[in-house]
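Colleague: I am new to this structure and would like to learn how to read it. Please take the features in turn, with the general idea before each case.

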Amino acid sequence: MARIVMKFGGTSVADLERIRRAATRVKAEVEAGNEVAVVVSAMAGVTNAMVKLVSDAARLADLREYDVVVSSGEQVTSGLMAIVLQSMGVPARSWMGWQIPIVTDDSHGSARIENIAVDDVVRRFGEGQVAVVAGFQGIDPAGRITTLGRGGSDTSAVALAAALQAERCDIYTDVDGVYTTDPRIVAKARKLDRITYEEMLEMASQGAKVLQTRSVEMAMKHHVRVQVLSSFENSPGTLVVDEDEIVEQALVSGIAYSRDEAKITLLRVPDQPGVAAKIFGPLAEAAINVDMIVQNVSAETGRTDLTFTVGKAELERAVQVLRSRQAELKFEELRSDANVVKVSVIGVGMRSHAGVAQQMFTALAERGINIQVISTSEIKVSVLIAEEYTELALRGLHTAYGLDAA
């Protein structure tokens with residue numbers, strides 16, 4: 001007997017027929033003798049509809065009330081899933097986040113899980129019952145409903161698996177696993193049998209939409225084995241595991257991309273100590289995240305150019321913040337560009353192999369693609385390029401690193 005957490009995303013529970021299909025998978029695990037907890041998202045489109053209702057009601061709504069409204073979709077799905085399981089002869093009971101309880105901090109709209117009490121759920125396992133848990137939601141120390149941010153049901157599932165000490169957490173979605181890159185762009189992309197937590201974390205943070213970044217962080221911290229599977233196909237998925245579970249590491253495991261980037265360049269900034277702090281301090285105060293940063297050498301004595309990226313959705317606000325401080329920061333000109341994309345080559349094999357970055361630069365140069373900004377980490381090399389070259393870059397790099405399917 002194993003203890004398993006099964007999570008179904010919005011597309012997997014989009015209507016009653018899909019809920020029944022998901023329930024059939026749950027029933028199969030129960031009949032195999034496993035203890036099962038199910039975590040469900042809201043039905044596809046419901047959360048977006050709830051968010052719109054809130055924004056239509058008030059431009060700046062109280063986040064505590066926002067959480068009450070947008071968490072309602074998961075309540076409906078969990079109840080329906082429990083009803084369908086019961087109709088199939090599977091003992092099941094729905095649980096809201098506050099009933100378990102899943103205790104979070106009080107950061108409404110993007111709360112973080114602090115503790116999950118699973119004693120009652122485990123007791124119900126002993127009675128043969130399936131726990132159907134509403135994802136995305138919890139309860140703060142004051143007893144108010146909280147939500148975990150978009151994609152938070154993945155985090156709910158992994159956190160519950162950690163608390164239950166489950167053998168694995170199966171994430172059912174509309175893709176059948178983790179691919180070497182986006183198969184919609186690169187036809188020769190391959191599904192990976194296994195990928196390390198670190199690689200998956202980089203893939204998620206660099207634009208891959210398969211798993212929410214916080215869920216991968218939590219899985220890595222608590223060593224929860226995560227499996228990404230399709231809700232619509234009966235095929236093996238991709239296991240996200242510790243590095244020591246993968247016998248032979250590929251040099252590069254995947255290539256991710258993000259269209260959500262925008263570039264800002266400040267021209268002729270005073271080249272003196274403390275300037276960077278003066279520039280990035282106001283951006284941090286405005287909760288604007290800065291990613292790639294490069295300081296250019298300027299021919300003009302005492303001046304330099306500074307280039308960095310922000311989220312595309314935050315570009316206008318970032319420009320406003322900087323322009324309002326221009327007299328203080330003493331830059332002469334600000335240029336912005338939203339037509340860029342970040343492409344990242346990722347693999348733990350980079351730790352023990354040299355020349356990965358050079359191979360990337362060569363492959364892009366051979367295709368006439370200019371690199372605007374470069375950043376690196378231990379297992380990742382990222383470049384910023386013009387958005388029009390996205391498909392060409394992905395296909396070229398996928399071939400250059402030998403990732404193409406045979």
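Modeller: Start with strands: helices (H or I, at least four residues) and strands (E, at least two) are DSSP runs, numbered from the N terminus. Two strands pair if DSSP finds at least two bridges between them. This is a predicted model, in which local features need pLDDT of at least 70, side-chain atom pairs count only at pLDDT 80 or more, and totals for chains, interfaces and linings use all residues. Residues are numbered from 1 along each chain as its sequence is written, and side-chain values use heavy atoms, with hydrogens and water left out.

Colleague: In what order do the four strands of the open sheet lie?

Modeller: The order is S15-S16-S14-S17, with antiparallel pairing. Strand S15 (290-296) and strand S17 (333-337) are the edges, each pairing on one side only. From one strand to the next, the twist averages 15 degrees.

Colleague: Over how many bridges do S14 and S17 pair?

Modeller: Strand S14 (residues 261-270) pairs with S17 over five bridges, in the antiparallel sense. Leu 266 stands opposite Leu 334 in S17.

Colleague: Which strands does helix H9 lie across?

Modeller: For angles, axes are lines fitted to C-alpha atoms, for helices over the stretch in contact, and angles run from 0 to 180 degrees between N-to-C directions. Contact means heavy atoms within 4.5 Å. Helix H9 (residues 275-285) lies across S14, S15 and strand S16 (303-311), and runs at about 25 degrees to S16. Helix H10 (residues 315-324) also packs on the sheet: it touches S14, S16 and S17, and its direction makes about 15 degrees with that of S14.

Colleague: How many aromatic pairs are there?

Modeller: Rings of Phe, Tyr and Trp (its six-membered ring) pair if their centres lie within 6.5 Å; planes under 30 degrees apart count as stacked, over 60 as edge-to-face and the rest as tilted. The count comes to two aromatic pairs. Phe 8 and Tyr 172 are stacked, because their ring centres are 4.7 Å apart and their planes at 15 degrees. Phe 8 is in strand S1 (residues 3-8) and Tyr 172 in strand S9 (residues 168-173), 164 residues apart.

Colleague: Why is the pair of Phe 280 and Phe 308 edge-to-face?

Modeller: The ring centres of Phe 280 and Phe 308 are 5.1 Å apart and the planes are at 75 degrees, so the pair is edge-to-face. Phe 280 lies in helix H9 and Phe 308 in strand S16, so the pair ties together parts that are 28 residues apart in sequence.

Colleague: Is Phe 308 buried or exposed?

Modeller: Buried means under 20% relative accessible area, exposed over 50%, partly exposed in between (1.4 Å probe, protein chains only). Phe 308 has a relative accessible area of 0%, so Phe 308 is buried.
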